[in-house]
Amino acid sequence: MTKLILLLQVLRYLFCADGASMNALHAGASMSMLQLRPRGFPCFVSGSQDRRRRRALSTTLATTHERNRQREIKNVAIVGGGLAGLSTAWHLLELSSNPLQVTIYDRCMVGNGGASAVAGGLMHPFSPKGKLIHFGLEALEKSKHLVQVATKYQPSCLIQPHLYRIALNEVNVQQLQDAALKYSELAIWLSRGEINNQLGADSMGGLKLSNGCQVIHVPGYLQALWEACENEAKEINGSITWEMSRLNDATSVRLLDMNYDAVIYAAGAGIIQDNLLDDVALPVQLIRGQSLLMNLSEQIDSIQQNEALLCGKYVAPLPSVDNSSSSQMSPGKRQFIIGATHEFKSTKLTQNEVFEELKQRSYQLAPKLWDHGVVQNVTSGMRMQSNRGKYGRMPIIGRITNLKAGNSQTKSWVFAGLSSRGLIYHGLFGCWLAEAVLRDDEQVLSQYFEEFDWWKSNNKS
Ligand SMILES: Cc1cc2nc3c(=O)[nH]c(=O)nc-3n(C[C@H](O)[C@H](O)[C@H](O)COP(=O)(O)OP(=O)(O)OC[C@H]3O[C@@H](n4cnc5c(N)ncnc54)[C@H](O)[C@@H]3O)c2cc1C
């Protein structure tokens, strides 16, 4: 008992926790049965899954549910409140019918941390070659739904309900035209003349992507998602708390593990940089991305000012000054983000180098912007890029096993490796993970994605 009190005091010190959130640590685990809200199989996207898979899941969940009915998840910690962490939090609260308590530990305020705070905001399910990424359509549906939820709280986080992927050479033209034929509900081919006249780009044509493909102001979106989480928590008489605190070693991590029913590591590059999971070798690489925030010095063609164009590098509008939380915006000026570098070396490119590289690779997309824009700021963030596997670069989700204790299961889960696909994948993988955590059963994930544990092959003893 004395040890427990001591432990709680250490935790309070480490995380600057206030009384309210410490109550979450004390919450005991009564043995009432786990209940997911009665909405069928929550993480299936209607219309996009075959019936056989649904039936298989139905049988398996019935048995795992029976097996796990003794253990109720009441109290969850999430380390990292970016796209991964907040999507998981929202789904946990949405799926649980019990008064779940969720605490997010983040070193920054909502919408200000990690890669999410500096993302370009482009959401679509296509690879640069115009191929649909694995689970692309299901992921689009889920993320689209989350954006709909968020816009109820902050409509301005949706900047444009479409974006353009531009072809700059013949090979690209062929690839993108194929995509338009195959996925006509999402992609329309526009000729060189149409693109160049409408958008002022110097291109060989391109795709207009819509029907869920969109441009998001990610910091605003995360703030809206946070509000949505607070609302979901109220509905189930639960709670959600944001603890501004940086976890920076394996000891603080273990303390969390002892005080929650489940701990989800969703701290992006922070997982590696702050050594949060020292036992686990994640198959990832950290890649820095720097972008330019540009102001327009004078009025240019009004359509071009508001459109997002992509061809590897991208140009995307930011919300108007009135709606933005960024204190660095100058009133009366339109702002754009031009991004982003892919830096593999530990030494950061200088601001001049960033400018030169991005200008070389994106001038054709927006010549007027480059000619009339003034650089206001350079932002920088780390992508956590997962290694390429059979299905491309897939996110990492699952339970952490303790190698030292002979691969035994722990209460810790991970959601990482969103690479450059945070927006498209955060909804679907967040939903799957939330369901597995609430059921305290990792095998739930295999019903959705058979090879979800591909990343564990690195960690086999
Ligand atoms: C320049 C750039 C542009 C991008 N553009 C796009 C785009 O247009 N579309 C797209 O889909 N994706 C884009 N991405 C990728 C996208 O941003 C990421 O996939 C996504 O944000 C990852 O989300 P995450 O929640 O996993 O990690 P993060 O966003 O990095 O969030 C991690 C959170 O954990 C917190 N944290 C970290 N360490 C600790 C710690 N030790 N203790 C407590 N808290 C901690 C951080 O403060 C942060 O809030 C871009 C990435 C970059 C870098």
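Q: Which residue in S12 is the bridge partner of Arg165?
A: In this predicted model, Arg165 has Leu310 as its bridge partner in S12, and on S7 Arg165 stands opposite Leu207. The model is a prediction, in which local features need pLDDT of at least 70, side-chain atom pairs count only at pLDDT 80 or more, and totals for chains, interfaces and linings use all residues. Residues are numbered from 1 along each chain as its sequence is written.

Q: How do you know that S5 and S12 pair, and in which sense?
A: Two strands pair if DSSP finds at least two bridges between them, and S5 and S12 have 2 bridges, in the parallel sense; S5 and S7 have 4 bridges and run antiparallel. Strand S12 (residues 309-311) is also joined by 3 bridges to strand S13 (residues 313-317), again in the antiparallel sense, and there Cys311 stands opposite Lys313.

Q: What makes both faces of S5 count as covered?
A: Leu163 and Arg165 on one side, and Tyr164 and Ile166 on the other, are all buried, a term that requires 20 or more other C-beta atoms within 10 Å of the residue's own, whereas 12 or fewer means exposed and anything in between partly exposed, with C-beta atoms placed from the backbone. In the protein chain of 461 residues, 48% count as buried.

Q: Why is Ile195 called buried?
A: Ile195, in helix H7 (residues 192-199), has 23 other C-beta atoms within 10 Å, and is therefore buried.

Q: With which residues is Ile195 in contact, leaving aside its neighbours within four places in sequence?
A: The partners are Ile166, Leu190, Ala201, Ser203, Gly205 and Gly206, where contact means that the C-beta atoms, placed from the backbone, lie within 7 Å. The C-alpha atoms of Ile195 and Ile166 are separated by 8.3 Å, although the two residues are 29 apart along the chain.

Q: Why is Asn275 called partly exposed?
A: Asn275 has 13 C-beta neighbours inside 10 Å, so Asn275 falls in the partly exposed class. Asn275 likewise has a positive phi, of about 55°, without being a glycine, and is found in the loop between helix H10 (270-273) and S11.

Q: Which two residues does the cis peptide bond join, and what is its omega?
A: The bond joins Gly339 and Ala340, with omega about -20°, and Ala340 lies in the loop between strand S14 (335-339) and helix H12 (351-362).

Q: Why are H5 and H8 described as roughly perpendicular?
A: The angle between H5 and helix H8 (residues 218-235) is about 85° and their axes are 8 Å apart, where axes are lines fitted to C-alpha atoms over the stretch in contact and angles run from 0 to 180 degrees between N-to-C directions. Angles of 65 to 115 degrees count as roughly perpendicular, under 35 as roughly parallel, over 145 as roughly antiparallel and the rest as oblique, and H5 and H8 are therefore roughly perpendicular. Among the residues making the contact are Leu146 and Val147 of H5 and Tyr221 and Ala224 of H8.

How values were computed
Two residues are in contact if their C-beta atoms, placed from the backbone, lie within 7 Å.
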